[in-house]
Amino acid sequence: MNITHIEHIGIAVKSIEESIKYYENILGLKCYAVEEVKEQKVKTAFFMVGQTKIELLESTDSEGPIGKFIEKKGEGIHHLAFAVNGIENALTESENKGVQLIDKTPRKGAEGLDIAFLHPKSTGGVLTELCEKRDKA
Ligand code: ZN
C-alpha cells in the first residue's frame, strides 16, 4: 500500500476539556477543532504537530468503542492512523495478505476523511486506521 505519513494518533481520554489543558498548557499545542462523530459515539479534539495530528477521543456513550476501551484499559493511546493514497486498494491488498479488517469498505470519520480500521489481532496489537482525504474542499 502507499502510505504517505502518520495522519494522527488517537488517544482515549475521559474528558476532552480536562485533557486539552495538558496539551495546551504543558506541550504548548493549540486545539484547532472539536468535533462530535455521532456514529462513533465520540467527541474529538485535534492538535497539529508538523503534518501529524493528535486526536483526543472522549466517549459520549459508555457502550461506544471508546467508552468500552477506557473501562477495560483506562486512558491512553487508542489507535495509530496512516494516511494512504487509494484506501480501497489498501484494504483489498491487506485482506489478500490475510489481515483481518474491521471495515471492509471505508466510512466517514472526523474531518471528512474516509477511514477504515485494521484489526489489532493482525497488526501486532496496534489498532490501525487507514485514512484518505479526498474531498479537498
Ligand atoms: Zn482516528
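Biologist: What makes Ile16, Ser19, Ile20 and Tyr23 in H1 count as buried?

Modeller: Buried means under 20% relative accessible area, exposed over 50%, and partly exposed in between, with a 1.4 Å probe and protein chains only; in H1, Ile16, Ser19, Ile20 and Tyr23 are buried.

Biologist: How do you know how far to trust the chain, and where is confidence lowest and highest?

Modeller: This is a predicted model, in which local features need pLDDT of at least 70, side-chain atom pairs count only at pLDDT 80 or more, and totals for chains, interfaces and linings use all residues. Residues are numbered from 1 along each chain as its sequence is written, and side-chain values use heavy atoms, with hydrogens and water left out. The mean pLDDT (the predictor's confidence in each residue, from 0 to 100) is 95 for the chain, and 99% of its residues reach 70 or more. Confidence is lowest in E6, at a mean of 90, and highest in H1, at 98. These labels follow DSSP runs numbered from the N terminus, with at least four residues for helices (H or I) and at least two for strands (E).

Biologist: Why is leucine 27 called partly exposed, and which residues form a nonpolar patch on the surface?

Modeller: Leucine 27 has a relative accessible area of 41%, so it is partly exposed; its place is the loop between helix H1 (16–26) and strand E2 (31–37). Together with Tyr22 and Ile26, Leu27 forms a nonpolar patch with about 310 Å² of accessible area.

Biologist: What makes lysine 41 and glutamate 111 count as partly exposed?

Modeller: Lysine 41 has 34% relative accessibility and therefore counts as partly exposed; this residue lies in the loop between E2 and strand E3 (42–49), and has a positive phi of about 55 degrees although it is not a glycine. Glutamate 111, at 22% relative accessibility, is likewise partly exposed; its loop runs between E6 and E7, and its phi is near 60 degrees, again a positive value in a residue other than glycine.

Biologist: Why do E2 and strand E6 (107–108) stand at the edges?

Modeller: The 8 strands form an open sheet with mixed pairing, in the order E2-E3-E4-E1-E5-E8-E7-E6. E2 and E6 each have a single partner strand, so one side of each is left without a neighbour in the sheet. Two strands pair if DSSP finds at least two bridges between them, and 2 bridges join E6 to strand E7 (residues 114–118), the two running antiparallel; arginine 107, for instance, has isoleucine 115 in E7 as its bridge partner.

Biologist: Why is strand E8 (residues 128–132) said to be largely enclosed by the rest of the structure?

Modeller: In E8, 5 of the 5 residues are buried, so this strand is largely enclosed by the rest of the structure. Both of its faces are covered, since Thr128, Leu130 and Glu132 on one side and Glu129 and Cys131 on the other are all buried. Strand E5 (residues 76–85) and E8 run parallel, joined by 4 bridges, with leucine 80 opposite threonine 128. E7 and E8 pair over 5 bridges in the antiparallel sense, and here the bridge partner of aspartate 114 is glutamate 132 in E8.

Conventions
Patch = residues over 30% accessible without salt bridge, like charges linked within 9 Å, V, L, I, M, F, W, Y side chains within 5 Å. Areas by Shrake-Rupley, 256 points an atom, 1.4 Å probe, with all protein chains shown as cover. Salt bridge = Lys/Arg side-chain N within 4 Å of Asp/Glu carboxyl O.
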